[in-house]
Amino acid sequence: MRAVPAPKVWVTGLTVGAIAAVTVLAVQADKGPHPTATAARPSASASAGASPAPSKSTAPVAVPEGSGTGRRIVYSLGQKRVWLVDASDASRRTFTVWPGTVSPDVGTYAVSSRTMATTGSDGVQIENIIYFAAKSGVSIGFSNAVDGSSPPPADGKQTGGVRMRAADGAALWTFGETGTTVAVVK
């Protein structure tokens, strides 16, 4: 007759296996989307090939000079980057973004409204939408695609969405309450 392991052994084995599987998935998720998925999806609301490369540098990117003081969101048009700056002028988070075809003018704005989720002007389901400007009849705001995709806008389409990765969109949503200053710099 063959000995059958005690139920405690089975539970322990299953638990260890589950923890290992979750650890592997967490490590994969921390590395971002699968490389082929990212390559197949150009940037959101940006012209073809305009996708910023993720920052490889471990050195913090300094908040641009002349972006104001105090608690604010700083958006650099040239660097295609956003900073979340606290009341003591310390950068709490910075990340790259994919601008739309219509960019705001350099200046200071305030978050005017927030929408949890909708369909973007490019037909993509978006979330964490924070509006702060308008130009040429186009509303300009920060958002992220729900499915993580970043398709280019349709030819000739004017889009004011400044897209970002989902984790950055969630952080910006938490930080950017209505009335929060948005400083747009070159």
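A residue is taken as buried when its relative accessible area is under 20%. In this predicted model, Asp-168 has a relative accessible area of 8% and is therefore classed as buried. Asp-168 belongs to helix α3, which spans residues 166–175, and its side chain is joined to that of Arg-93 by a polar contact of 2.8 Å. When neighbours within four places in sequence are left aside, the residues in contact with Asp-168 are Arg-93 and Phe-95.

Strand β7 is likewise mostly covered, with 7 of its 8 residues buried. On one side of the pairing pattern, β7 runs antiparallel to β6, to which 7 bridges join it; the two strands form a hairpin with 2 residues between them, and Ser-136 in the turn adopts a positive phi of about 55°. The pairing of β7 with β8 is parallel and comprises 3 bridges. Phe-142 of β7 takes part in both pairings, standing opposite Ile-130 and having Val-162 as its bridge partner in β8.

The second largest pocket has a volume of about 210 Å³. Of the 19 residues that line this pocket, Gly-120, Ser-121, Tyr-131, Ser-139 and Gly-161 are the closest to its centre, and the elements contributing two or more residues to the lining are β5 (113–119), β6 (125–135), β7 (138–145) and β8 (161–163). The largest share of the lining, 5 residues, is supplied by β7, the strand that is mostly covered. By class, the lining of the second largest pocket consists of 12 polar, 5 nonpolar and 2 charged residues.

Key. Residues are numbered from 1 along each chain as its sequence is written. This is a predicted model: local features need pLDDT of at least 70, side-chain atom pairs count only at pLDDT 80 or more; totals for chains, interfaces and linings use all residues. Side-chain values use heavy atoms; hydrogens and water are left out. On a 1 Å grid over the protein atoms alone, a cavity is a set of points where a 1.4 Å probe fits but cannot get out, and a pocket is an open set with protein on both sides within 12 Å along at least five of seven lines; lining residues have an atom within 4 Å of a point. Grid points are joined across faces, edges and corners, and a volume is the space filled by probe spheres set on the points. Helices (H or I, at least four residues) and strands (E, at least two) are DSSP runs, numbered from the N terminus. Ala, Val, Leu, Ile, Met, Phe, Trp, Tyr, Cys and Pro count as nonpolar, Asp, Glu, Lys and Arg as charged, and the others, Gly among them, as polar. Buried means under 20% relative accessible area, exposed over 50%, partly exposed in between (1.4 Å probe, protein chains only). A polar contact is a pair of N or O atoms within 3.5 Å; within protein, one must be able to donate a hydrogen and the other to accept it, and residues adjacent in sequence count only if both atoms are side-chain atoms. Contact means heavy atoms within 4.5 Å. Two strands pair if DSSP finds at least two bridges between them.
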